[in-house]
Amino acid sequence: MNKKLPKMLALIAAGCMTMSVGACSSPGAPSASGGSQTVSNDASANDNAKCQNTVKKDGVEKVTIWAWYPAFDKIVDNFNDTHDDVQLCWTKMPDGMTTYQKFSTAIKAKSGGPDIIQLGYDAMPQYVSGVEQHLIDLKQFGVEKIKSDYTEGGWNSVTLGSDAVYGVPVDAGPFVMMYRKDIFDKYDVKVPTTWAEYEQAGKELREKGFEGHIGNFEANGTGWNLALFAQKTDDVYSYSASNPEQVSINFESEGVKSVLEYWQRLAKEDVVATDDSFTAEWYKKIVDGSYASYVSASWVTGYIKGVSGAEEGSVWQVTKAPVWDDSTPAVNYGGSGIAVTDQAKHTEKAAQVAMELFQDDKAQEIAVTDSGLFPTWVKKLDSDAFKNYEDEFFNNQKVNAVLAETAQGYQGYEYLPFQTYAFDEQTKAFTKAVKDGEDVSSTMTALDKTLSDYATQQGFTVK
Amino acid sequence: MSQQQSQHTSSTRSQSARKVNLWGWFFTAPFAIIFLLFLVIPLVYAFYVSLFTYTQVRGSTFTGLANYARAFTDPIFLAGMGRVVLYTVVMVPIQLLFALLIALVIDSVKNKFTAFSRLVVFLPYAIPVVIGALMWGFMYSKDMGPFATLFDLFGLPTPGFLTPQGIFGSLVNVVTWQWTGYYMVILYSALQSVPHELYESARIDGASEIQIALKIKTPMISSSLVMVTIFSLIGTLQFYTEPTVLKNSAPSVIAPEYTPNMYAQALAFNYNQLNYSATVSFALGLIVVIFSIFFMRLTRKQSGLEG
């Protein structure tokens, strides 16, 4: 016995070391469907909450929020300055992915979540599907009366195809082309307006000695890839919170295939780069002149404004994204809203804060100029200040003339209730098709099957 | 003290023995409590959790070992497992050979540089794994890293360290760089405890330094070699930190389920599948235990754990 004990302990320890990941979970219990019914009423529960911001007024009820908007501290301060009955307590999140991980963990733990949370539109369905009902329907708190203040696309993004309203829309992501006017001028190449011209311009730039690429295809682009498809086909994903046990997935349409075949060809001919997005390298290449243009959502500029290593004398301009033909719709990539969670300590107060936070000229001003957001608040969109806003980054171009027109085309997209998984599988499939040059058709068939199998395994009906 | 003896001793002696026993428990308690609280209980709990199946539509239901059947036929888990086994086969021998070689050289050559080179080889281990991986991620960069500048100097294209073809070698390099020094120090200290008389008699018998290193020193530290191999084996099967950090530089090259540990993490925190994640973790733990037992049996003579 004595001889064997150390060995056994060593083996148990070896086994234990692998356990750190899955060890803190609990089998969840089913709950009612149709949005969370959990309404709480404890005004003092957040009194000792830790905040990123300095709370301006003491002895007042606090509401907690998780968000990752750039320059959000100013928006929080603005809210706290203008409110005497409630103060906002902000926890800064690094990005969407981390926020969803933390929130999902808090859901499992049944505590630790915020009252209000920023959620990308693509992340909302996972919190209102099947047994997972964690967002409060704001209808009971009178959200309908502010409905007309928001764009249709924005509002559709938070109703998730149901009668309920799961959040307040904040921003959208008009899909446009940002380009380096100085590069196109230097090599005397016309800025493309269609994808055929884009391909041509890419080749021309290279022939005339430009060492970079006209643009980039990001296989891990998640919603970016969906925006490209949306130019040519209906939603690849469908899901409605009013029918929370059914999904549909369609990567096998001609639209999806022709879009991917186009990029496959451009990648093969080295007309475009195929760098992964949101890596340090990608940020640098956008600003250092490695890409002559960047087709993406307007909010991307909010992230690249401060990147070091920018090329001297860069002249950025924004224009409409290239189209396939005259019937190509204007599309959108990303955007987010704020939702009230079922862990809110004082649900009614949280709902009131969520509805008021961006219903404010000053807050919208900060959101547009400092955070680089494109608003969904009609009053802001219609204001002269917004229409005539000259963006310094874009060489004082009146960018919103271009953006607003694009934004009008957005009617809201649908996403799966397991979108994170779907995005990961998407990345693998697009890497194969575009970067490795494998057959597009069979890759998409395989992707369709993988996602459908997963949906079935999770208990969804696949239409 | 053997049992037969203690039966014959007087009552006072058995009392004092009991007291000694009590003190023994007392001194073990801090470890035992932590061991129970943070290792045994979570382990049992994770196993309990792994017996439930969660689906987004129906919630959790008790399904017994069904998750294990799923895990061992899950192509993603098996592919990840295959990947770490491949890493083990390549990485463990490389690390051990380098560590042994350096330990033997440092042990044989005694001059003022010995202590210095020992420190230099050990230094990478003193750098936190995440920092080390971040640093290599930067160095591997196609456009920003020092290798890019270096290769550019000779007019050569930078090798694709972070491409599907290059990533295996790149990761092997990071891990070898980090851990070789640590294993070297263990082997080196084992070499210090070998009695020098052995070398002297070997020299008198006409053995060369290389013969001494291979025929005397290496067999004398075989139990340390076995221990180091097991460390390296377990570490590699649980490969996680380095690929996770490098993933930020190459998201489409390193999939979220690149290794079983990464798969468990993605399942639990990205895909909301805690139960299946517990299963995958447990299955991985089981495989690590099997590998370790197999290796210990194989090296029973050398390890000194069994007589």
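Chain B averages a pLDDT of 89, and 93% of the residues score at least 70; pLDDT is the predictor's confidence in each residue, from 0 to 100. This is a predicted model, in which local features need pLDDT of at least 70 and side-chain atom pairs count only at pLDDT 80 or more, while totals for chains, interfaces and linings use all residues. Residues are numbered from 1 along each chain as its sequence is written, and chains are lettered from A and ligands numbered from 1 in the order in which they are written. The model scores ipTM 0.82 and pTM 0.86. Over residues 1-6 of chain B, pLDDT stays under 50. For that stretch the model has 3 contacts beyond four places in sequence, a contact being two residues whose C-beta atoms, placed from the backbone, lie within 7 Å.

The contact between the chains takes 46 residues from chain A and 49 residues from chain B. On the side of chain A that touches chain B, the elements giving two or more residues are helices H1 (5-17), H3 (96-109), H9 (280-287) and H16 (419-435) of chain A. Helices (H or I, at least four residues) and strands (E, at least two) are DSSP runs, numbered from the N terminus. H16(A) gives the most to this side, with 7 residues. The residues of this side of chain A divide into 17 nonpolar, 18 polar and 11 charged; Ala, Val, Leu, Ile, Met, Phe, Trp, Tyr, Cys and Pro count as nonpolar, Asp, Glu, Lys and Arg as charged, and the others, Gly among them, as polar.

H16 of chain A is also among the elements that cover the buried residues of helix H7(A), together with strand E6 (168-180), helix H8 (254-268), strand E9 (293-297) and strand E11 (332-340) of chain A. H7(A), residues 223-230, has 8 of its 8 residues buried, including Trp224(A) and Phe229(A). A residue is buried if 20 or more other C-beta atoms lie within 10 Å of its own, exposed if 12 or fewer, and partly exposed in between.

Chain A also has an open sheet of 3 strands in the order E7-E8-E13, with mixed pairing; two strands pair if DSSP finds at least two bridges between them. Strands E7 (237-239) and E13 (461-462) of chain A stand at the edges, each with a single partner strand, so one side of each is left without a neighbour in the sheet. E7(A) and E8(A), residues 246-249, pair in the antiparallel sense over 3 bridges. Ser238(A) stands opposite Ser248(A) in E8(A).
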